[in-house]
Amino acid sequence: MADTSTQSIIIGAPPERVAAVICDFPSYPEWTDAVQRVEVVEEYEDGYASQVRFAIDAGVMADEYVLAYAYAEDLSRIEWHLVAPSKMQRSQQGSYDLEANPDGTTTVTYTLEVELSVGMLGMFRRKAEKMIMDTALKQLKRRVEAPGAAS
C-alpha cells in the first residue's frame with residue numbers, strides 16, 4: 001500500500017533558480033548522495049526531460065527506474081510518476097510545488113507517494129520516507145543556495 005508524504009522547506013532563491021536545479025537531471029549525482037547515475041531518456045520539444053532513468057544506492061535500498069515528468073508552464077509545479085515497476089518499487093508519484101515568497105525566497109513543497117515491491121513495516125516505511133524527503137529537500141536547498149549555482 002502506498003502512503004503519501006509531504007514536506008516543505010524555504011530556499012533562499014527565486015522559483016526560477018530552484019526549478020533550474022530540479023530540472024538539471026544530469027547534475028543530480030553531483031549533489032544528491034543516493035543518486036549514482038542519471039540519464040535523460042526522452043525530452044519534450046522545449047528541451048525539458050520527459051523521461052529520466054535513475055540508478056540509486058541508498059545503502060539499504062538500491063534500485064534503477066525510469067520516471068516520466070510533466071511541468072506547469074511557469075514551472076511552479078514539477079511532477080512525475082514511475083513508468084514501470086522496478087526491482088524495489090511498484091509505483092511512485094511525486095511533485096515539487098514552488099511558491100514565490102515576497103522576500104525573494106521560495107517555499108518548496110515536496111510530495112511523494114511510493115509503493116514498495118518489498119514488504120516493510122509501516123513504522124519503518126514512514127521513518128524511511130521522512131529521512132528521504134528531509135535529505136532531498138536539504139540537499140536541494142544546499143545546491144540552490146551554493147555560490148555559483150544555476151541562475
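Which residue in β7 is the bridge partner of Gln89? In this predicted model, that partner is Leu116. The two strands concerned, β6 (residues 89–100) and β7 (residues 106–116), run antiparallel to each other and are joined over 11 bridges.

These strands belong to an open sheet of 7 strands, arranged in the order β1-β7-β6-β5-β4-β3-β2 with antiparallel pairing. Strands β1 (3–11) and β2 (35–43) form the edges, each pairing on one side only. From one strand to the next, the twist averages 20°. Helix α1 (residues 15–23) packs on the sheet, where α1 touches β1, β4 (62–71), β5 (77–82), β6 and β7. The direction of α1 makes about 155° with that of β6.

Strand β6 also contains Gln92. This residue counts as buried because its relative accessibility is 10%, and the cut-off for burial is under 20%. The side chain of Gln92 makes a polar contact with the side chain of Gln89, at 2.6 Å. Beyond residues up to four places away in sequence, Gln92 touches Tyr65, Leu67, Trp80, His81, Leu82, Leu112, Glu113 and Val114.

In soluble globular proteins, nonpolar side chains tend to be buried together. In the present model, the largest nonpolar core has 39 residues. Those with the most contacts inside this core are Val18, Phe25, Phe54, Tyr69, Tyr96, Val108 and Leu140. With residues up to four places away in sequence left out, Phe25 touches Val38, Val40, Ala49, Val52, Phe54, Tyr69 and Tyr71.

Terms used. Residues are numbered from 1 along each chain as its sequence is written. This is a predicted model: local features need pLDDT of at least 70, side-chain atom pairs count only at pLDDT 80 or more; totals for chains, interfaces and linings use all residues. Side-chain values use heavy atoms; hydrogens and water are left out. A nonpolar core is a set of buried Ala, Val, Leu, Ile, Met, Phe, Trp, Tyr and Cys residues joined through side-chain atoms within 4.5 Å. Buried means under 20% relative accessible area, exposed over 50%, partly exposed in between (1.4 Å probe, protein chains only). Contact means heavy atoms within 4.5 Å. Two strands pair if DSSP finds at least two bridges between them. Helices (H or I, at least four residues) and strands (E, at least two) are DSSP runs, numbered from the N terminus. Axes are lines fitted to C-alpha atoms, for helices over the stretch in contact, and angles run from 0 to 180 degrees between N-to-C directions. A polar contact is a pair of N or O atoms within 3.5 Å; within protein, one must be able to donate a hydrogen and the other to accept it, and residues adjacent in sequence count only if both atoms are side-chain atoms.
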